[in-house]
There are 2 protein chains.
Amino acid sequence: MANFRSPDEPQASTESGIQVLDRSVRLLNLLGEAGHGGMQLSRLAAGLGLSASTTHRLLAALEHHGWVERVDGGKLHRLGAALVALAGQAADGTGLRRLCRPALARLSGESGETTFLIVRSGLNAVVVDRQEGAYVIESLTQGVGGLMPLGIGAGSAAILASQPEAEIEAVLAANAARYPQFGSSAERVRQRLRQVQAQGYLMSDESLIAGLAVLSVAIRPPGHAVTAAIATNFIASRLDTAARLAFLRRIRQEVAAIEATMAVPGATQRPTRSGES
Amino acid sequence: MANFRSPDEPQASTESGIQVLDRSVRLLNLLGEAGHGGMQLSRLAAGLGLSASTTHRLLAALEHHGWVERVDGGKLHRLGAALVALAGQAADGTGLRRLCRPALARLSGESGETTFLIVRSGLNAVVVDRQEGAYVIESLTQGVGGLMPLGIGAGSAAILASQPEAEIEAVLAANAARYPQFGSSAERVRQRLRQVQAQGYLMSDESLIAGLAVLSVAIRPPGHAVTAAIATNFIASRLDTAARLAFLRRIRQEVAAIEATMAVPGATQRPTRSGES
DNA sequence: TGCTGCAATTCCGTAATGTGGAAAGAAGTT
DNA sequence: AACTTCTTTCCACATTACGGAATTGCAGCA
């Protein structure tokens with residue numbers, strides 16, 4: 001069969017041992033990047049370097065499972081809602097989301113700022129939950145599902161900082177390899193991490209977005225190797241140092257409470273299937 | 001090969017034309033149901049009716065892509081955070097989530113109640129976004145990713161009601177076939193739908209959870225075939241009829257604003273990649 | 001310390017499964 | 001109406017995924 005790995009096959013690291021799966025994953029990721037409007041078969045096929053027939057078959061199969069939808073029944077494809085359902089369970093995987101949600105709600109309710117629950121996923125950090133405050137700055141910040149390389153971004157830094165030193169170096173190296181820009185700021189990242197390790201939290205004006213400040217605390221339940229953090233974004237000029245410290249204290253309170261809950265065996269989470277509206 | 005479809009193969013409707021994919025999907029769904037603690041290979045294999053070696057291969061491949069994680073490096077598997085990332089993009093697929101989030105934030109901020117953005121996915125409705133209010137009743141209600149058969153549940157009913165009559169009947173029939181209990185309440189569901197069609201909204205004390213009342217309005221941008229709804233849950237005794245009507249008015253206001261935005265071509269959404277904290 | 005049993009891996013020959021080229025439909029465009 | 005572009009279906013082929021058997025790893029127990 002003319003199925004040689006084309007010499008310029010993208011990411012050899014994407015090979016997992018099951019071809020169809022690899023291709024499906026790449027297809028879905030591609031669709032994800034395409035975002036809103038959807039993509040047509042031919043573009044997808046081109047983007048993946050696959051024949052139209054193969055792409056078509058993949059799409060049909062994924063569509064069958066609700067992982068891909070057609071935009072108003074036509075020729076454009078986009079990611080399907082079944083993924084959202086699956087991911088909902090994934091996000092609750094550790095029970096963390098459920099556990100932290102009330103805390104997030106309280107924090108953003110009191111402060112009016114948006115709060116995030118962030119979890120590690122391999123070399124990335126993922127926004128697993130997000131609670132809007134009264135001051136909506138939506139368009140600038142990450143939504144649920146947002147990804148960032150570990151080390152970059154508030155919660156991300158707090159998480160990475162609480163890893164063993166060897167792990168940290170490995171992650172930094174890997175991410176520098178993945179992202180050229182990452183390498184250049186490696187030293188600053190390292191410095192930041194050291195700061196977090198010393199203080200137990202991250203407070204910084206140097207967010208990735210000019211004018212946005214950041215506050216974040218890692219969640220480290222004794223025993224568990226959970227790698228998560230709670231973070232907040234706010235317009236830097238809105239809170240002076242005193243206010244930030246007060247806010248920080250509240251966050252640490254909530255985190256401590258969460259850690260305590262997780263430490264109590266059995267109380268971590270409840271396998272109850274939830275009902276609905 | 002001894003790869004006959006076993007006579008009692010579960011759901012023949014799960015066949016999509018690509019075996020590996022079907023199996024992977026079933027595996028992921030199974031892991032999703034398992035939830036928190038994770039599942040071990042042997043149970044998974046048993047649950048799927050697959051050999052251990054096949055299951056192992058699937059798991060390894062999925063793990064490679066971050067769709068499955070090992071609980072603290074051990075023998076238990078659970079859904080991975082990469083799914084959350086993918087689903088984040090899926091949830092924004094229509095641009096709806098981003099568009100509605102500020103509205104949800106306002107509504108739950110003002111009322112103190114939790115609000116939901118619900119979208120159709122085939123025969124189901126999926127909770128695509130959720131904004132916590134001051135009154136947290138978390139454990140009872142659906143989280144992001146929560147699924148319910150179309151017709152059951154607040155937003156769900158509002159969405160279904162705004163479909164053409166033929167579609168409604170088809171969905172009801174299909175869901176009655178899927179869920180035995182659904183069939184018995186079909187007449188009540190139909191009645192509810194008619195009510196929604198007449199009023200343009202759903203207001204009911206008969207939520208699936210005793211004591212919880214429900215308010216929901218479908219989002220129907222002229223032209224678009226979008227099938228979504230905004231919904232709220234609240235403890236029935238907390239709001240009297242007057243308060244509910246006022247709340248309803250606010251919801252309809254927000255929905256109208258959203259529909260207006262969507263009608264303006266180009267203003268629907270912006271393909272801007274968002275930055276982060 | 002050495003069994004014993006169960007679960008997770010790895011190996012490997014086999015054929016079933018997924019493959020892409022070619023050809024047929026659909027839908028716009030000039 | 002001829003042309004272009006994209007989607008969908010068909011089909012013979014060999015690559016890919018399959019599962020049984022063998023191996024390794026790990027607890028619990030004697």
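**Close-up views of a predicted two-chain model**

**View 1. Strands β4(B) and β9(B) run antiparallel and are joined by six bridges.** The model shown here and in the views that follow is predicted. Within this pair, B:Leu117 has B:Ile230 of β9(B) as its bridge partner. Strand β9 of chain B covers residues 228-235. Seven of the eight residues of β9(B) are buried, and the strand is mostly covered. Strand β8 of chain B, residues 212-219, also pairs with β9(B), in the antiparallel sense and over eight bridges. There, B:Leu215 has B:Thr232 of β9(B) as its bridge partner.

**View 2. Strands β4 and β5 of chain B are joined by seven bridges.** Strand β4(B) is made of residues 114-121 and β5(B) of residues 124-131. The two strands run antiparallel. In this pair, B:Phe116 is placed opposite B:Arg130 of β5(B).

**View 3. The strands of views 1 and 2 belong to an open sheet of six strands in chain B.** What is the order of the strands across this sheet? The order is β6-β5-β4-β9-β8-β7, with antiparallel pairing. The edges are formed by β6, residues 147-149, and β7, residues 202-204, each of which pairs on one side only. From one strand to the next, the twist averages 25°. As a rule, strands in a sheet pair through backbone hydrogen bonds, and the pairing may be parallel or antiparallel.

**View 4. A helix of chain A lies across strands of chain B.** The helix is α4 of chain A, residues 81-91. The strands of chain B that α4(A) lies across are β4, β5 and β6. Helix α4(A) runs at about 60° to β5(B).

**View 5. Helices α1 and α3 of chain B pack at an angle of about 80°.** Helix α1(B) comprises residues 19-34 and α3(B) residues 52-64. Their axes are 11 Å apart. Angles of 65 to 115 degrees count as roughly perpendicular, and α1(B) and α3(B) are therefore described in that way. From α1(B), the contact involves B:Val20, B:Arg23, B:Ser24, B:Leu27, B:Leu28 and B:Leu31. These meet B:Thr54, B:Thr55, B:Leu58, B:Leu59 and B:Leu62 of α3(B). Sorted by class, the contact of α1(B) with α3(B) has seven nonpolar, three polar and one charged residues.

**View 6. B:Gln163 sits in a loop between two helices of chain B.** The loop lies between α6, residues 154-161, and α7, residues 165-178. Is B:Gln163 buried or exposed? Its relative accessibility is 13%. Because buried means under 20% relative accessible area, B:Gln163 counts as buried. Apart from neighbours within four places in sequence, B:Gln163 is in contact with B:Arg120, B:Ile168, B:Gln197 and B:Thr227. One of these, B:Gln197, is 34 residues from B:Gln163 along the chain, and the C-alpha atoms of the two are separated by 9.6 Å.

**View 7. Chain A has 10 helices and nine strands.** Chain A consists of 277 residues, of which 55% count as buried. Among the contacts in chain A with a separation of 6 or more, 51% are between residues 24 or more positions apart.

**View 8. Strand β8 of chain A is buried along its eight residues.** The strand runs over residues 212-219. Which residues of β8(A) point one way, and which the other way? A:Leu212, A:Val214, A:Ser216 and A:Ala218 point one way, while A:Ala213, A:Leu215, A:Val217 and A:Ile219 point the other way, and all are buried. Strand β7(A), residues 202-204, pairs with β8(A) in the antiparallel sense over three bridges. Here A:Leu202 has A:Ser216 of β8(A) as its bridge partner. Strand β9(A), residues 228-235, is joined to β8(A) by eight bridges, and these two strands run antiparallel. In this pair, A:Leu215 is placed opposite A:Thr232 of β9(A).

**View 9. Helix α6 of chain A is mostly covered.** The helix spans residues 154-161, and eight of its eight residues are buried. They are A:Ala154, A:Gly155, A:Ser156, A:Ala157, A:Ala158, A:Ile159, A:Leu160 and A:Ala161.

**View 10. A:Arg101 lies in helix α5 of chain A.** Helix α5(A) is made of residues 96-111. A:Arg101 counts as buried, at 2% relative accessibility. With which residue does the side chain of A:Arg101 make a polar contact? The partner is A:Asp129, through its side chain, at 3.1 Å.

Terms used. Residues are numbered from 1 along each chain as its sequence is written. Chains are lettered from A and ligands numbered from 1 in the order in which they are written. This is a predicted model: local features need pLDDT of at least 70, side-chain atom pairs count only at pLDDT 80 or more; totals for chains, interfaces and linings use all residues. Side-chain values use heavy atoms; hydrogens and water are left out. Two strands pair if DSSP finds at least two bridges between them. Helices (H or I, at least four residues) and strands (E, at least two) are DSSP runs, numbered from the N terminus. Axes are lines fitted to C-alpha atoms, for helices over the stretch in contact, and angles run from 0 to 180 degrees between N-to-C directions. Contact means heavy atoms within 4.5 Å. Buried means under 20% relative accessible area, exposed over 50%, partly exposed in between (1.4 Å probe, protein chains only). A polar contact is a pair of N or O atoms within 3.5 Å; within protein, one must be able to donate a hydrogen and the other to accept it, and residues adjacent in sequence count only if both atoms are side-chain atoms. Angles under 35 degrees count as roughly parallel, over 145 as roughly antiparallel, 65 to 115 as roughly perpendicular and the rest as oblique. Ala, Val, Leu, Ile, Met, Phe, Trp, Tyr, Cys and Pro count as nonpolar, Asp, Glu, Lys and Arg as charged, and the others, Gly among them, as polar.
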